[in-house]
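I opened a new notebook page for this structure. My plan is to go through it piece by piece and write down what I look up.

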Amino acid sequence: MIWTTWRQHRAEAAVWAVILAGLVAAMLAVGSIARSRASALGLPGCTTRDGNCNDALDALHRAFHTIPPFTAALIAIPLLAGMFWTAPLVSREYEAGTHRLAWTQTVSPLRWITVKIVLIFGALAGLALILGLLAAWTLDPLTAAFGGRYNSTWYDTQGIVPVACMLFALALGVAASALIRRTIPAMAVTLIVYAAVRIPIHWIRGNFWPAVTHTYNVDVATLLQRRIGPLQDGYLSTLTPGDWIQTATITDSTGHRYVPNELSFDVFSRYCPSVRPAATAGGDPQPLDPATIAACKPKVAGLTLHETVTYQPAAHFWPIQTVETVIFVALAALLVIVAVLTVARRRPS
Amino acid sequence: MSAATEIAIETVRAGHRYGHQLWGLRECTLSLPTGSITAVVGANGAGKTTLLNMLVGLLPASEGQLRVVGEQPSSKPTFLARIGFLAQDCPLYKEFSVADMLHFGRAMNPNWDDDLAHARLASANVPLNRRAGRLSGGQRAQVALALAVAKQPQVLLLDEPLAALDPLARREFLKNLLDSAVASNMTVMLSSHLLGDLARVCDHLVVISDGEVRLAGDLDQLLGEHHWLSGAPEQTSRLPSGVEVLAEYRHERHTRLLIRTSQRLLNPALTTEPVDLEELVLAYLEHSVVPREQAGPPRVTREASRL
């Protein structure tokens, strides 16, 4: 059975081995170049975007801006494996009539499908694990410059989630293959269901681990520094680029909500619409007309503002990955059971 | 225990229903002794493949019972090891070489006889290094047969193995099959839409039409029971009970009947002639005669003008 599986799949195995070797070489190269460039720029050591760090991170971003499209392409690997390895696994036998040959040898169909699944899933999950851990290493020096690891294409290509995605796509392929018994429709179903399940995960994975919530008292005096713009030293600005902000709200004691990025503008238009820039306009931040500020001060004196930020710290990357992995491995297990039971019935047509 | 009386394939009112309505085969009752070679004959879609698929366990019985080498057909390796199956169109892995196909047989069957497989292919002149997809129809059938035989089964089931073969390849195939069967006392059942060359190799016959068994039994016995009977119409219309009329051809002053009876007919006014196997099968296929216990009026009549 092991020999049969190998003989039937050695051509695909060769193609995928070449692809894997190419990807590993490319990722090792990018990872080491990124490391030397980052240390030449004085990174690491930078965790927040300010001062020299900002310039260094921007330089790194400019140097590696061609990388994200490649990491986006890595997301397709599990899907391609499901479509080309497992979607034809049973249906190709039906289409060629060879299921009646395979399932009348001295091997039960249960064992036939189980051995194939164990070997193929094992090999491709191993491949996904290698690529996932290597991607984590390769992208690590670039993470700060590209806004963290929660970005969906970066999240899906590194860590252990690629393994879960691989198992899920393969299980989807083999279940479609056993149920539909025709290769092209099984590939199409694999593609559609995989996309339909994976895409919404980007919107809900923020709930896979408890988020951190911080409430911070806004110093109203600092608001009077500039007419337009976000808070200068609110909690929001103390987060690192690797944190994933889910919600950020600023409210006053009456419950009115302000737009965090436009806080001063919002406050002024509510309380002191007369505040305007100084006559000698220019510079950034734009100076305000001292007369209008003086008129505003009493109006905002009693104002209390609270900033509430809910976010997933960069350190929650692994817990969230673990939860997502458990969910998709469980889905894969269900689909594998469906496929195995369907094949074990070994229907002749 | 003598091998001749042992039953290798037995079915009792067995049937398989596809979906809720469509019966592929119904009320199939057969009893075939060990070492017999049975031809299953019927039109395309008559139920031959359904019967063979049920015997190898690919289809479950919706009704009745099946026993092959004393076991209920299943997907258990202990059962599969004893059954050789050559599916319709002789499926092989196209991208495998013939040597790979033998490797497959060896890897998938613990009782594999490699020497036997090689000997069979050598006698059929099949090159081992050729890819299965590039073999001729005859070579493909020979490889499929070698795979099924080298597994050393007790029962060998072949579904339309001759359908795609030219006359010479058929002859070669049947010769190879017969050699293997005789050498190992295998019980063989093979299906075909026409009796043709099978008449020379088989000793049992099953005729299937519209999902029902029309005729089944030992070939010599069946031939002994069926006769052509001809004579004047007033004579042929008065037959003793126990005589079943399968077909009747009327001429102006002369009627010809195909009858089935186990008794001797002693009416001197009637002429009896032996039936040829091909005629017998055609009569059952053509008229879909349902076997009945007692003789009745002729169920099928054909006008002389059509003869």
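**Entry 1: two packed helices**

I started with a helix pair in chain A. Helix 7 (residues 109-139) of chain A packs against helix 9 (residues 161-180) of chain A at an angle of about 150°. Their axes lie 8 Å apart. The cut-off for roughly antiparallel is over 145 degrees, so helix 7 of chain A is roughly antiparallel to helix 9 of chain A. I note that this is a predicted model.

I then looked up the handedness. Helix 7 of chain A passes helix 9 of chain A in a right-handed crossing.

Next I listed who meets whom. From helix 7 of chain A come Ile117(A), Ile120(A), Phe121(A), Leu124(A), Ala125(A), Ala128(A), Leu129(A), Leu131(A) and Gly132(A). They meet Pro162(A), Val163(A), Met166(A), Leu167(A), Leu170(A) and Val174(A) in helix 9 of chain A. I sorted this contact by class: 14 residues are nonpolar, one is polar and none is charged.

**Entry 2: where the chains touch**

How many residues does each chain give to the contact? I found 18 residues from chain A and 25 residues from chain B.

I followed the side of chain A that touches chain B. Helix 1 (2-40) and helix 6 (99-102) of chain A are the elements that give two or more residues to this side. Helix 1 of chain A gives the most, with four residues. By class, this side of chain A has seven nonpolar, eight polar and three charged residues.

**Entry 3: domains of chain B**

I turned to chain B. It is divided into domain 1 (3-210) and domain 2 (221-306). The centres of domain 1 and domain 2 of chain B, taken over C-alpha atoms, are separated by 34 Å.

I checked where the two domains touch. Nine residues of domain 1 of chain B are in contact with seven residues of domain 2 of chain B. On the domain 1 side, strand 8 (residues 204-209) of chain B provides the largest share, three residues. That side of domain 1 of chain B has six nonpolar residues, two polar and one charged.

**Entry 4: a hairpin in chain B**

I ended with a strand pair. Strand 1 (residues 7-18) of chain B and strand 2 (residues 22-33) of chain B run antiparallel. Eight bridges join them. Tyr18(B) stands opposite Leu22(B) in strand 2 of chain B.

Which residue of this hairpin takes a positive phi? I found Gly19(B), with a phi near 70°. The hairpin has three residues between the strands.

Technical notes: Residues numbered from 1 in each chain as written. Chains lettered and ligands numbered in written order. Predicted model: local features only at pLDDT ≥ 70, side-chain atom pairs only at ≥ 80, totals over all residues. Axes fitted to C-alpha atoms, helices over the stretch in contact; angles between N-to-C directions. Parallel < 35°, antiparallel > 145°, perpendicular 65-115°, else oblique. Left-handed = near helix turned anticlockwise from the far one by under 90°. Nonpolar A, V, L, I, M, F, W, Y, C, P; charged D, E, K, R; others polar. Domains from an automatic or database assignment. Pairing = 2+ DSSP bridges.
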